[in-house]
Amino acid sequence: MHQSQLFTKTRREDPSDETSKNAKLLIRGGFVHKEMAGVYDYLPLGLRVFNKIVGIIREEMNAIGGQEVVLSTLQDPELWKKSGRWSDEAVDNWFKTKLKNDAELGLGFTHEEPLTNLARSHIVSYKDLPRYVYQFQTKFRNELRAKSGIMRTREFVMKDMYSFSRSEEEFRQFYEECAVAYMNIFKRVGLGGITYRTFASGGSFSKFSDEFQTVSEAGEDHIYIDDKKRIAVNKEVYKDEVLKDLGIKKNDLREAKAIEVGNIFPLGTRFSEALGLTYKDENGKQMPVIMGSYGIGPGRLMGTVVEILSDEKGIIWPESIAPYKIHLLSLGTEKKVISAADGLYKTLTKAGVEVLYDDRDLRAGEKFADADLLGIPYRAVVSTKTIAEDKIELTERKTGHTSKVTAKELLSL
RNA sequence: CGGGGUGUAAUACAACGGUAGUAUAUCCGCUUUGGGAGCGGACGAUCCGAGUUCGAUUCUCGGCACCCCGACCA
């Protein structure tokens, strides 16, 4: 991509209406645009990051047997009445709308009801189980207060997976496999090591759930971490009997603020019974399906990465989710510099390397500042100096380490 | 939803009730060219609606929006 042709521009100053680091940096870099409180657009660079995160999640979900679907956003109230979740008293963050004939509709904030109902057409026998279905789908939640930039918004894409199993054991086995897959995801996007599986309340779903919490001062949750066991407990269930059940000692715990980057829930038969999702077992007996649900918000994950991986100059994307791998800068207006940079861009692009090429007619300082802000892992500089040596100047964003490399070495990064 | 704060140009900020100004960005010209250059010129704004006043960006009321703290958070 030629940066001179990029749809977005960077900004020098922080937006005045944002305090969170993720929103400041992402807006300054032109990754996202704020439409209104709690509603953000993803722009070309931001969408590339977002899609890479989605790609990683998709790979991990497919690897444990997930099958991808996309359900509708518009929701039929009848299904939600059956589970007792239609009323505003039961769920206070509904966005509701109406058809022309005044019939009410909901905008989905999650999809247990429609997917359970849908599964009734396809899961009827023990031979049809287990099944794992997931989607990347836009959710709407009428939060009383949106905050923390792109971390807590009223409209957001969620990867939500639902498991359908025959027995508690079969469910539990998948639940644990999914927990492992989740940890893989967090590791792959650069949050390994500081993300903990965290015991938490199950809300109105179940007795408990497991959250995945990334330690950060920007977090809204308080957790207690057992570093030896590499697990944590959410403050909301931090009680003596819970710790005892988990076999955790109070003195082994340290408190930390954390961002909830994922959550998995055992649903039991809460929805299968409410909506009539049953199967016939080997003996012809009608049984309720055992369910679970598993959520990750790719946008929140992106915001979390920015909170954790950035410095005073800008973002530091891990290579796995960076919008581009190499940021190629040409310095100066000399013809031989321009043609050398043009040639290098073509070579890299042809070899399949993702390159953002800063071909703009700007001074060096401005290009460097933008490169630091955008946070692409490798910065390759072509200038009069580098041409004289027949090398390219390569700087790693993460470490700031600079070296002189040949075009061939750049290709094999 | 309770409490507090703020709405001025694309962005960030000024302006005693009396000609809306500065910086950045953008455009033009000249000089400059490895860490956000200099000079000259240009474009461009008071959230909406009432009220008070000779006169309102400024004061009052209502609305809307945004931010912060709390509550809430499948």
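How far apart do the C-alpha centres of domain 1 and domain 2 lie? They lie 39 Å apart. Keep in mind that this is a predicted model.

Start with the overall division. Chain A splits into domain 1, residues 3-311, and domain 2, residues 326-411. The two parts do touch. On one side of the contact are six residues of domain 1, and on the other are eight residues of domain 2. Look at the side that domain 1 contributes. Four of its residues are polar, one is nonpolar and one is charged.

Now go into domain 1, which covers residues 3-311. Find the open sheet made of three strands, in the order β4-β6-β5. Its pairing is antiparallel. Strands of a sheet pair through backbone hydrogen bonds, either parallel or antiparallel. The edge strands here are β4, at residues 74-75, and β5, at residues 95-98. Each of these edge strands pairs on one side only.

Follow the pairing strand by strand. β4 is joined to β6, residues 104-107, by two bridges. Leu-74 has Leu-107 of β6 as its bridge partner. Gln-75 stands opposite Gly-106 in β6. Then turn to β5. Four bridges link β5 with β6, and these strands run antiparallel. Lys-96 is partnered with Gly-106 in β6. So which residue of β6 turns up in both pairings? Gly-106 stands opposite Gln-75, and Gly-106 is also the bridge partner of Lys-96.

β5 and β6 also form a hairpin, with five residues between them. Asp-102 sits in the turn. The phi of Asp-102 is positive, at about 80°.

Next, look at the helices. Helix α2 spans residues 44-63, and helix α8 spans residues 298-308. Their axes come within 9 Å and cross at roughly 115°. That angle makes α2 roughly perpendicular to α8. The crossing is right-handed. From α2, the contact takes in Val-49, Phe-50, Ile-53, Val-54 and Ile-57. From α8, the contact takes in Pro-298, Gly-299, Leu-301 and Met-302. What classes of residue make up the contact of α2 with α8? Eight are nonpolar, one is polar and none is charged.

α2 meets another helix, α5, which covers residues 168-188. The axes of α2 and α5 come within 10 Å and cross at roughly 155°. The two helices are therefore roughly antiparallel to each other. This crossing, too, is right-handed. On the α2 side, the contact is made by Ile-56, Ile-57, Glu-60, Met-61 and Ala-63. On the α5 side, the residues are Ala-181, Asn-184, Ile-185 and Arg-188. Six residues in this contact are nonpolar, one is polar and two are charged.

The peptide bond from Leu-129 to Pro-130 is cis, and its omega is near -5°. Pro-130 lies in the loop between α4, residues 112-119, and β7, residues 131-140. Ser-148 is in the loop between β7 and β8, the latter at residues 155-165.

Finally, move on to domain 2, residues 326-411. An open sheet of five strands runs in the order β20-β19-β21-β22-β23. Its pairing is mixed. At the edges are β20, residues 355-358, and β23, residues 402-405. Each of these edge strands pairs on one side only. Neighbouring strands are turned by 25° against each other on average, direction ignored.

Inside this sheet, β21, residues 378-382, runs antiparallel to β22, residues 392-396, and four bridges join them. Tyr-378 has Glu-396 of β22 as its bridge partner.

Two helices complete the picture. Helix α9, residues 335-350, lies across β19, β20, β21 and β22. α9 runs at about 165° to β19. Helix α10, residues 364-374, packs on the sheet and touches β19, β20 and β21. The direction of α10 makes about 175° with that of β19.

Key. Residues numbered from 1 in each chain as written. Chains lettered and ligands numbered in written order. Predicted model: local features only at pLDDT ≥ 70, side-chain atom pairs only at ≥ 80, totals over all residues. Pairing = 2+ DSSP bridges. Domains from an automatic or database assignment. Contact = placed C-beta atoms within 7 Å. Nonpolar A, V, L, I, M, F, W, Y, C, P; charged D, E, K, R; others polar. Axes fitted to C-alpha atoms, helices over the stretch in contact; angles between N-to-C directions. Parallel < 35°, antiparallel > 145°, perpendicular 65-115°, else oblique. Left-handed = near helix turned anticlockwise from the far one by under 90°.
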